Amino acid sequence: MRSIFILILIFSIPFITLGQSHQLKGRVVDARNNEGIASAGIELIDTEFHTQTDSLGFFEFEVPKLEEYFLRISHVSFINQNINIVSSDSILIEMQVDNLLLQQVDVSGKTDNLPRNGLQKVQPLSVNETATPFNEFNQVLATLPGVVSNNELSSSYAVRGGNFDENLVYVNGMEIYRPFLVRAGQQEGLSFINPDLVGNIEFSAGGWEAKYGDKLSSNLLIDYKQTEETEGNINLGLLGASGYLSTQFSEKDNLLLGLRYKNAKYLFNTFETAGEYLPRFLDFQAFYNYRFSDKTTLDLLAVFAQNDYRIEPASRETDFGSFQQKLRFFVAYEGAESLSYRSFQGGARLRHLFTDNFRTSVILSAFSTSEAEYNNTEGFYRLCDVDRDFSSDTFDECISLRGIGANYNYARNFLYAQIAQAIIRNDWQIQKDHLLAFGVEYKRQFVNDYLDEFEFRDSADFAQVNRVVKQENNLVANFANVYVQHEWQINSRHSLNSGLRLNYGSNTGEWLLSPRVQYQVILHPDKSGQFNFFTGLYRQYPFYRELRDFSGNITPDVRAQSALHFVGMYSKNLEIWQRPFQINSSLYYKYLYNIIPFDVDNIRLRYRPELTADGYAYGADFRFSGNFIPDIESWFSLGFLSTKENVAEDSRGYIRRPTDQRVTASIFFQDNFIYDPTIKVNLKLQIGSGLPFGPPNSLESRNIFTGEWYRRMDVGFSKQFMGDKIKNLRYIESLWLGLDVLNVLGVSNTISYSWIEDVNAQTFAVPNSLSARFLNLKGIVKF
């Protein structure tokens, strides 16, 4: 915590105020028998103030003194609820049991926040609590063990050696999709997940249960929240703006509206490439929940994204190499590059409780994207040696020319795609200790893609056309699967989850089985820990991206990629300094076969479907989380990984995969002033070892080099002002003023490499860097 205070002094945050506090206390009980509920979560909505009940259901914690309090009460075995209360000495809260949860067996309240069915709960964080360029939820997700994102401009992430396309994401049961053509983090719009709307987050880095889909790496489950009171916020900053509103038309419904705008022009001006950046990214989401009765509910989701990116590059200068041999790469540009995509996703989920023990969910969703890629740029480049002799009159100047030439890039690419999906899920609690889940899913994909691009290089001694693509592709594919899953609570300590999926994909014509098993045992006399073992077979039928090769052609006869997971996980709840903490550790091994090799260009995946490969990934993940500061969660993560592949066509044996980041470490830490908890600071630190890379279009040299380590630290400061204490602002809950110091250390992280050849046919990898240090001011109004 002293380090945090030092950072505060360094950046001179002039917030010094004192606030009043109040002890809020009460008891949470089971409405059936009035018995206390242990480890129920009590949260003061839209703040960092939260606590848990003790073994008898009592709670007491310090909160700001207000006339009225809005609380969220949550427990894994009961229906979550939001209530508002006035200040009083003690309150009584009754909770209704959720009849469809297998965990009705009374094991112990101490295990409630441990991972369940391989899914780790993630605390939703509001926009004022994280220092990220665009308030992206996925930037916080990347601090979890096993999750990697080496680009702060992107919402894409890789998990345990997989790639960006291998991650399942569900929002209220609807599968989420990303655009096809995006090829650089700076061109990428906002991620699908709007943090203002999120109520519950669960994440699995491998070994998830059978009722969820068939990608190779991870599973992220998001549930949008439901509120009983009108609330909202307006967030303004140098890099964009957002607004959120939650309201009700009656006691039976809830409407969430979220609007986000991202303008990264000022951040992009810190890049090495100078020019005119014109990014405009817009995202609108609406989520509506209606309760016909206690047994029937309807969820409606609509999302529209309009993203336009344009750059008119002017020049770029990059120094690279060692101190003894420093090279300078200079480019003068003409022309412009533009990327535009419009996407829409909508869906509905109808849930009905036929009996107290049987529930059915019907989910219908559709995704549509229209994308255009324009490029008409020419770069005139010069590569020279730099004088490193301090005594020379030409120190740090070019002294010899290694290469000179020009690159011309042209592209007119258009893509239109539609995906429609229908899912039926059923949950049947046969007995108190047995839950049977079964269902069927159907998905249809249509893609029309027109490619027209070429690249021309003109150098001192040669001129050549490097790449010519003129192709039109139409692809229609159908996917179907059925699943059945049985959860058995063997006794108060042991449980077993086993399931099977039967899959079919028309693009490969394969019928495939995916068996999965999860075993859990509660450990320690106080039942405060558990051990889980997960194993399962995961299939991923190729979508359009995996089938298109470098020449734009569709490669036939590509089989579904497969991964066999083995995961062992140990989790333990601790109490240190009379505060809750948790340790999570995992060992894992994944055997990969029929995988499609790929190369990574920034965040764009370039698949090689003409090649065949198998591979593996193994490693260990560790996470230590808890309330280092009272009622504020922070965590430390550490991961070790090795992933390799054996490509049959290169005769090289096992080589590193493009996502083979051997060591990753991250910290997410939050703090506040002792005498004024409304002044807060958060720190996000990420470190990762170098990724493999190699020259383009060279099968023999794929991934033979290792890049530099990734190092980034972001620090955010904020001050909260309560609305009822400010004249004429009694209808505003709070005001927040914030300052984010992005990339505090000023590290020039490398995201990719440009390959340049000199007059002697020697090839050089010129690093392409990410954003530099940047100060982002923001203000948030909550009501």
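This is a predicted model: local features need pLDDT of at least 70, side-chain atom pairs count only at pLDDT 80 or more; totals for chains, interfaces and linings use all residues.
**Aromatic pairs**

Residues are numbered from 1 along each chain as its sequence is written, and side-chain values use heavy atoms, with hydrogens and water left out.

I counted 35 aromatic pairs. My rule was that rings of Phe, Tyr and Trp (its six-membered ring) pair if their centres lie within 6.5 Å, with planes under 30 degrees apart called stacked, over 60 edge-to-face and the rest tilted. I opened one of them, Phe581 with Phe628, and found an edge-to-face pair with 5.0 Å between centres and 80° between planes. Phe581 sits in strand β29 (residues 579-595) and Phe628 in strand β32 (residues 613-629), so I noted a link between distant parts of the chain, 47 residues apart.

**Charges over rings**

Next I looked for a charge over a ring (NZ of Lys or CZ of Arg within 6 Å of the ring centre and within 35 degrees of the ring normal). The charged end of Arg425 sits over the ring of Tyr170, 5.9 Å from its centre. Lys719 has its charged end over the ring of Phe721, at 5.2 Å from the centre.

**Disulfide**

How many disulfides are there? I found 1 disulfide (cysteine sulfur atoms within 2.5 Å). Cys384 is joined to Cys398, S to S 1.9 Å. Cys384 lies in strand β21 and Cys398 in strand β22 (residues 398-431), so the bond ties together parts 14 residues apart in sequence. I noted Cys384 as buried at 1% relative accessible area, while Cys398 is partly exposed at 33%.

**Salt bridges**

My search of the whole structure gave 35 salt bridges, each a side-chain nitrogen of Lys or Arg within 4 Å of a carboxyl oxygen of Asp or Glu. I picked Lys326 and Asp396, whose side chains meet at 3.3 Å, N to O. Lys326 is in strand β20 and Asp396 in the loop between β21 and β22, so this pair ties together parts 70 residues apart in sequence. Lys326 is buried at 16%, and Asp396 is partly exposed at 30%.

I then checked Arg501 with Glu441, where the closest N and O atoms are 3.5 Å apart. Arg501 belongs to strand β25 and Glu441 to strand β23 (residues 434-459), so parts 60 residues apart in sequence are tied together. Both Arg501 and Glu441 are buried.

Asp714 bridges to Arg712 with the closest N and O atoms 3.2 Å apart, and both residues are buried. Finally, I traced shared partners: salt bridges join Asp599, Arg608, Glu610, Glu645, Arg657 and Arg702 into one network.

How values were computed. Helices (H or I, at least four residues) and strands (E, at least two) are DSSP runs, numbered from the N terminus. Buried means under 20% relative accessible area, exposed over 50%, partly exposed in between (1.4 Å probe, protein chains only).
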